[in-house]
Amino acid sequence: MVSNAQGSLVKALLVEDIAVCTFILSTMLRRFNCEILVVKNGKEAMDLFLEGKKFDIVLCDKDLPIMSGTEAVEKIRAMGETNVKIVGVSGDDNAMEAFMSAGADVFMYKPMKLETLGTMIQEFVCLNMVSNAHGSLVKALLVEDIAVCTFILSTMLRRFNCEILVVKNGKEAIDQFLEGKKFDIVLCDKYLPIMFGPEAVEKICAMGETDVKIVGVSGDDNAMEAFMSVCADVFVYKPMKLETLGTMIQEVINKKNAMV
């Protein structure tokens, strides 16, 4: 089940006039336990916002009767509706440019994949939870020495508004804790210079740092056993999926909220 920080369902507006597309997208949204309202043209979508209705995400087709999807998106944005995530959905090769110039956040070609929709829903939920987590950011320590991996994971963490500190070896990670720094989550690679990730994790746990969520991250087939045997909470194979990270950030935020 997917819900936001207040425990309410994600509210989705589906703007689609083709019955089979409506059925498929509605079924996918229900898989994530979304509360769905369906309208068949852009004018009906716009009218809902004029009536003061609020939605977390809008999935909007391009070629609709009465008012096109792109025109509706432009008018909705013009109303000041900046918090809702608007996703343009179409099979038209020219639709991406039309939707993005009208103010959509994302464009997806039909048919949309379940995993793609799930990632967007998860990202919204985590961002919503971060904004309601009593004003405190999730503090992340990234222990990684490969530049491209650092860039990818840092970018993903920023998508969830995390405060990030990057170090390049296990010893530097330990030193952060010895200096009294506190983190909510640690993402740690296995093969690092000076000190390997599992050794650093073991030493961090030995300091009594039990509140931090420690995630081992590696492409090594033997890394899971190495990390889990030294008290890591989770192990994830590289490349990490945004949805997987989002779920972990959500768990961290839930824990932070429960402690307040």
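Trainee: Which residue is the bridge partner of C60 in β4?

Mentor: Strands of a sheet pair through backbone hydrogen bonds, either parallel or antiparallel. Here the partner of C60 is G88. This is a predicted model, where local features need pLDDT of at least 70, side-chain atom pairs count only at pLDDT 80 or more, and totals for chains, interfaces and linings use all residues. Residues are numbered from 1 along each chain as its sequence is written, and side-chain values use heavy atoms, with hydrogens and water left out.

Trainee: In which sense do β3 and β4 pair, and over how many bridges?

Mentor: Two strands pair if DSSP finds at least two bridges between them. Strands β3 (residues 57-61) and β4 (residues 85-90) run parallel, with 5 bridges. Strands (E, at least two residues) and helices (H or I, at least four) are DSSP runs, numbered from the N terminus.

Trainee: What is the strand order of the sheet?

Mentor: The order is β2-β1-β3-β4-β5, an open sheet of 5 strands with parallel pairing. At the edges sit β2 (35-39) and β5 (106-109), each pairing on one side only. From one strand to the next, the twist averages 20°. Axes are lines fitted to C-alpha atoms, for helices over the stretch in contact, and angles run from 0 to 180 degrees between N-to-C directions.

Trainee: Which strands does helix α1 touch?

Mentor: Contact means heavy atoms within 4.5 Å. Helix α1 (residues 19-31) packs on the sheet and touches β1 (11-15), β2 and β3, its direction making about 165° with that of β2. Helix α2 (residues 42-50) lies across β1, β2 and β3, at about 150° to β1.

Trainee: Now the cysteines: which two form a disulfide?

Mentor: A disulfide is a covalent bond between the sulfur atoms of two cysteines. The cut-off used is a pair of cysteine sulfur atoms within 2.5 Å, and the count comes to 1 disulfide. C205 and C231 form it, with sulfur atoms 1.7 Å apart. C205 lies in helix α8 (residues 197-206) and C231 in the loop between α9 (223-228) and β10 (234-237), so the pair ties together parts 26 residues apart in sequence.

Trainee: Why is the disulfide of C205 and C231 right-handed?

Mentor: Because the torsion about its S-S bond is about 100°.
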